[in-house]
Amino acid sequence: MLLDHTALADSLKGYASPRAKITRMIRSGEVIQLRRGLFLEGSEKDYSLKGIAAVLYGPSYISFEYALSLYGLIPERAGAVTSATYGKNKDKVFRTPVGDFYYRYLPAAVFPYCVLRETEKGQSYLIASPEKALCDSLYKTRGADSQGRLEALLFGEWRMDEKALATLDREAVSFLAPLYRRMPCALFAEWMKKEAGRA
């Protein structure tokens, strides 16, 4: 169970110094400090990393390589939970005892679209659709400024399956791509249109 500092301190009102008790609880492993003011019960084993990501830093939603891996679009299993945020202009990393969490900023204009609400182990979180996770990833990529370089990135570096990519929702990509105002996203929308023509 996740606890904020207020809830934890309230449960320790009977102690002369709740703050000192919290410090002792962290040292003993009774609670795990995820960041300043946010804790996980030390006995809790059935927690959701996606749910933790949602409350660790926000507003945010799961995206980038973690989402691409979940959707089977990239072969690698993501080692850290990656999320999108906005309004920060600075990427953020939280290294916690339960795992690493990366937050990358995006333009506010793209943030609310194609995001799904899910629940895991009783904890709610938001996650990008496959199309959104890929567009988010392309937005943060440099150098894919031609169709050739884009394809080298997608199928060479990221080792994506061309047939799997072709099944993505073309209308969603066409809607999203212009919002990012970045060449790789526009080129991917063009690639999807070509795939539609081949089908």
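Tyr-113 is partly exposed, with 36% relative accessible area. Here buried means under 20% relative accessible area, exposed over 50%, and partly exposed in between, with a 1.4 Å probe and protein chains only. The model is predicted, so local features need pLDDT of at least 70 and side-chain atom pairs pLDDT 80 or more, while totals for chains, interfaces and linings use all residues. Numbering runs from 1 along each chain as its sequence is written, and side-chain values use heavy atoms, without hydrogens and water.

Tyr-113 has a ring partner. The centres of the Tyr-113 and Phe-175 rings lie 5.0 Å apart and their planes stand at 85°, so this pair is edge-to-face. Rings of Phe, Tyr and Trp (its six-membered ring) pair if their centres lie within 6.5 Å; planes under 30 degrees apart are stacked, over 60 edge-to-face, and the rest tilted. Tyr-113 sits in the loop between β7 and β8, Phe-175 in helix α8, so the pair ties together parts 62 residues apart in sequence. Phe-175 is partly exposed too, at 40%.

The structure holds nine aromatic pairs. Another of them joins Tyr-86 and Phe-111, and this one is tilted: 4.6 Å centre to centre, 50° between the planes. Tyr-86 belongs to strand β5 (residues 81–86) and Phe-111 to the loop between β7 (99–106) and β8 (115–120), so parts 25 residues apart in sequence are tied together. Tyr-86 counts as partly exposed, at 32% relative accessibility. Phe-111 counts as buried, at 11%. Elsewhere, Tyr-57, Phe-94 and Tyr-103 form one aromatic cluster.

Now return to α8, residues 170–180. Its buried residues are Ala-172, Val-173, Leu-176, Ala-177 and Tyr-180. The arc is that of the directions from the helix axis to the C-beta atoms. An α-helix has 3.6 residues a turn, so residues three or four places apart point the same way. On the other side of α8, Glu-171 and Pro-178 are exposed. Asp-169 caps the N-terminal end: a side-chain oxygen lies 2.9 Å from the backbone nitrogen of Glu-171. A polar contact is a pair of N or O atoms within 3.5 Å; within protein, one must be able to donate a hydrogen and the other to accept it, and residues adjacent in sequence count only if both atoms are side-chain atoms. Just after α8, Arg-181 takes a positive phi of about 55°.

Helix α6 covers residues 147–157. Gln-147, Leu-150, Leu-153 and Leu-154 are buried there. They cover an arc of only 130° around the axis, which puts them on the same side of α6. The face turned away from the buried side carries exposed Gly-148 and Glu-157. Arg-159 follows α6, with a positive phi near 55°.

The structure holds one cavity of 30 Å³ or more. On a 1 Å grid over the protein atoms alone, a cavity is a set of points where a 1.4 Å probe fits but cannot get out; lining residues have an atom within 4 Å of a point. A volume is the space filled by probe spheres set on the points, which are joined across faces, edges and corners. The largest cavity has about 30 Å³. Its lining includes Lys-50, Ser-83 and Tyr-125. α3 (49–56), β4 (60–62) and β9 (123–128) each supply at least two lining residues.

Overall, the protein chain has nine helices and nine strands. These are DSSP runs numbered from the N terminus: helices H or I with at least four residues, strands E with at least two. Of its 199 residues, 43% count as buried.

Key. 1 Å grid on protein atoms, 1.4 Å probe; cavity = no way out; pocket = protein on both sides within 12 Å on 5 of 7 lines; lining within 4 Å.
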